[in-house]
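Dear colleague,

I am handing over the structure we discussed, with the sequence alongside it. Please look through it first, and then read the notes that follow.

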Amino acid sequence: MSTSNDSTDGTVVFQEIGPMHYQALASFLRDNNLPSVLRTFNPFPMTDETAIRIALGSHEDHYYGAFLNGDVVGLSMLRGWDEGYSVPSFGIVIERRLHNRGIGAQLTEFTIGEARRLGCDRVRLSVFASNLAAIRVYAAKGFVESHREAVLLAGVPDEKIIMFRALR
């Protein structure tokens, strides 16, 4: 997989988010700040302030972008180090108009590779039981369910599934 965002030929490329990505990231977050997206992805507000923190801030957590013609079309993360956790939490969101094109699976694999490169023994994630497509991708990528917690999602009963993937 390519790791620079210089492609303008329609190839999706993957790279850690840095200061040069602020504008593209802010646009991506604004465009996806919708109830249909926030229903299953809500680790932080989808705002310009979040883009500033991710792209321009100093942190131990890592954020990665999927880029298509210079635009952010996916965002993944390995979070939790800023709060002192030893096992990072993986999260991902893909541009809502580009679902089912393999970008999420590729970005997941890229991010898992980055976790390995960073020396992680394993990663964790949480996913809602109602998000069947995501659960299938995670299972196919080697994530194994640990436990479930009952939650209300937009006022509707659901379950939060905690999954782990061993990396060593």
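Arg165 is buried (under 20% relative accessible area, where exposed is over 50% and partly exposed in between, with a 1.4 Å probe and protein chains only), yet it has no salt bridge, a term that here requires a side-chain nitrogen of Lys or Arg within 4 Å of a carboxyl oxygen of Asp or Glu. The nearest side chain of opposite charge is that of Glu109, 4.3 Å away, with Lys and Arg counted as positive, Asp and Glu as negative, and His and the chain ends not counted.

Two notes on provenance belong here. The model is predicted, so that local features need pLDDT of at least 70 and side-chain atom pairs count only at pLDDT 80 or more, while totals for chains, interfaces and linings use all residues. Residues are numbered from 1 along each chain as its sequence is written, and side-chain values use heavy atoms, with hydrogens and water left out.

Arg165 lies in strand β7, residues 156-166; helices (H or I, at least four residues) and strands (E, at least two) are DSSP runs numbered from the N terminus. A polar atom of the Arg165 side chain lies 2.5 Å from the backbone oxygen of Lys141. Leaving aside neighbours within four places in sequence, Arg165 is in contact (heavy atoms within 4.5 Å) with several residues, among them Glu109, Asp121, Lys141 and Phe143.

Glu109 and Lys141 themselves meet through their side chains in a salt bridge, at 3.4 Å from N to O. This pair links distant parts of the chain, since Glu109 sits in helix α4 (residues 103-117) and Lys141 in the loop between α5 (132-140) and β6 (144-153), 32 residues apart. Glu109 counts as partly exposed, at 29% relative accessibility.

The structure holds nine salt bridges. Another of them is formed by Glu159 with Arg148, whose closest N and O atoms are 2.7 Å apart; Glu159 lies in strand β7 and Arg148 in strand β6, so the pair ties together parts that are eleven residues apart in sequence. Glu159 is partly exposed, with a relative accessible area of 30%, and Arg148 is partly exposed as well, at 40%. Salt bridges that share partners also join Glu95, Arg96 and Arg97 into one network.

Strand β7 also contains Ile161, which counts as buried at 2% relative accessibility. Leaving aside neighbours within four places in sequence, the residues in contact with Ile161 include Leu125, Val127, Ile135 and Arg148.

Elsewhere, the axes of helix α1 (residues 22-31) and helix α3 (residues 48-56) come within 9 Å and cross at roughly 145 degrees, where axes are lines fitted to C-alpha atoms, for helices over the stretch in contact, and angles run from 0 to 180 degrees between N-to-C directions. The contact is made by residues including Tyr22, Leu25 and Arg30 of α1 and Asp48, Ala51 and Ile52 of α3. Arg30 forms a salt bridge with Asp48, the closest N and O atoms being 2.5 Å apart, and this pair, too, links distant parts of the chain, with Arg30 in α1 and Asp48 in α3, 18 residues apart. Arg30 is partly exposed at a relative accessible area of 44%, and Asp48 is partly exposed at 27%.

With kind regards

Key: Polar contact = N/O pair within 3.5 Å; in protein donor to acceptor, adjacent residues only side chain to side chain.
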